[in-house]
Amino acid sequence: MGRVRSLTVGQARRIAIAAQGLADPRPTVSPDRRHLRRVLKHTGLLQIDSVNVLARAHYLPAFSRLGPYDRELVDRMAFRHRELFEYWGHEAALLPVELHPLMRWRMAYWERRLTTWHRLAKVEKERPGYVEWVYDEVMARGPVSAGEVAEDQKRGTEHWGWNWTDAKTALEYLFFIGRVTTSSRRNFERLYDVSERVIPRAVLNTPTPDEHEAQRQLLVLAARSHGVGTLGDLADYYRLKNPMARPRLAELVEDGRLEQVEVRGWSQPAYVLPGTTVPRRISGGALLVPFDPLIWERDRTERLFGFRYRIEIYVPAHKRVHGYYVLPFLLGDALVARVDLKADRADGVLLVQSAWREADAPAHTAEALARELRSMAEWLGLDDIAIVPRGDLAADLTAVMAR
């Protein structure tokens with residue numbers, strides 16, 4: 001092996017931000033599908049989460065990179081144009097449809113493993129053939145929700161001894177193994193259909209790479225999106241297990257598809273795409289949803305930014321440090337603040353329930369953050385911003401807003 005390239009943490013940080021598309025200038029025109037495709041080339045996927053206190057998680061990364069845009073763009077790309085499909089990429093996610101062949105090894109893996117899933121085993125024991133019955137229902141009636149399958153079952157097929165959990169269990173198993181997929185969503189509820197009616201035929205006909213090659217390609221894509229990352233970082237991006245990813249990573253380095261580097265201060269070697277360059281500087285600002293790929297791996301966030309970040313949704317209110325739904329604020333190449341945000345749709349107000357600065361936040365942090373908050377309020381169709389006096393940045397932010 002040749003000389004290992006060495007990077008400072010600051011250089012690694014700028015590489016990571018640029019790889020995520022957060023160093024690109026925002027469009028000066030109303031964003032369209034081309035802009036959203038550009039975002040997805042950087043992020044590789046859009047993670048889905050049910051929390052809707054601000055906006056659904058899969059809409060927010062595009063806002064962070066494009067500014068205000070039509071959220072229907074995401075839905076149309078996924079459910080009308082079929083450029084995206086839903087699967088377990090990094091948790092539940094919308095992925096570019098061309099990644100479908102790279103996920104088939106996981107579908108086969110789960111088909112082998114999920115037979116030991118206790119919920120599925122219980123259903124199959126108590127109702128032999130039930131999963132195939134559910135699949136036939138989707139084939140006959142899809143797109144259909146889990147609730148609709150269960151209700152139909154309750155009305156007309158008492159033989160099955162209906163309960164909703166059984167229907168959802170069967171559908172989730174079929175989803176895991178790729179026999180059904182999300183056709184669309186109704187008020188965020190999945191509508192299932194057989195994959196052959198959702199995934200474009202050209203994609204279904206694309207040859208399936210073997211498991212190891214699929215994993216190698218996913219690690220390369222993770223390196224493209226991460227910019228720089230350790231074995232654990234790259235494996236986590238598409239939820240590969242470290243023991244599974246380790247030999248594949250060694251093969252990629254051996255083949256020259258990835259390059260090993262040292263990031264000073266990191267205890268583990270890191271990896272980049274060959275030819276990766278270091279941006280001289282990063283400008284601009286962005287609010288980052290907790291499920292943004294730049295920060296979703298909390299240990300990496302701390303290594304890159306010196307920023308300890310934990311989502312506190314499931315922490316009892318009196319024990320929360322910063323708030324319920326806290327978004328870090330990226331300014332230049334640093335995370336300089338964090339704000340707990342809520343969209344009060346009934347009153348048309350963006351609530352800033354707390355605002356905190358980091359120790360090294362620059363003097364213009366409040367002004368820059370105020371601009372992003374105004375942009376977000378506009379994007380969400382909210383007429384006003386209300387700041388609760390909690391956090392050491394709240395007073396400055398209130399003063400800026402008053403001006």
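Which glycine takes a positive phi just after H13? That residue is glycine 256, with a phi of about 80°. The model is predicted, so to speak of local features takes pLDDT of at least 70 and side-chain atom pairs count only at pLDDT 80 or more, while totals for chains, interfaces and linings use all residues. Residues are numbered from 1 along each chain as its sequence is written, and side-chain values use heavy atoms, with hydrogens and water left out.

**Helix H13**

- Helices (H or I, at least four residues) and strands (E, at least two) are DSSP runs, numbered from the N terminus.
- Met244, Ala245, Arg248, Leu249, Leu252 and Val253 are the buried residues of H13 (buried is under 20% relative accessible area, exposed over 50%, partly exposed in between, with a 1.4 Å probe and protein chains only).
- They sit on the same side of H13, because their arc around the axis is only 145° (taken from the directions from the helix axis to the C-beta atoms).
- Exposed Pro243 and Glu254 are on the face turned away from that buried side.
- The buried residues pack against helices H5 (100–113), H11 (211–226) and H12 (231–237), and against strand E9 (270–272) (contact is heavy atoms within 4.5 Å).

**The three-stranded sheet**

- This open sheet has the order E2-E4-E3, with antiparallel pairing (strands pair if DSSP finds at least two bridges between them).
- E2 (46–47) and E3 (84–88) each have a single partner strand, so one side of each lacks a neighbour in the sheet.
- Five antiparallel bridges join E3 to E4 (residues 92–96), and leucine 84 has proline 96 in E4 as its bridge partner.
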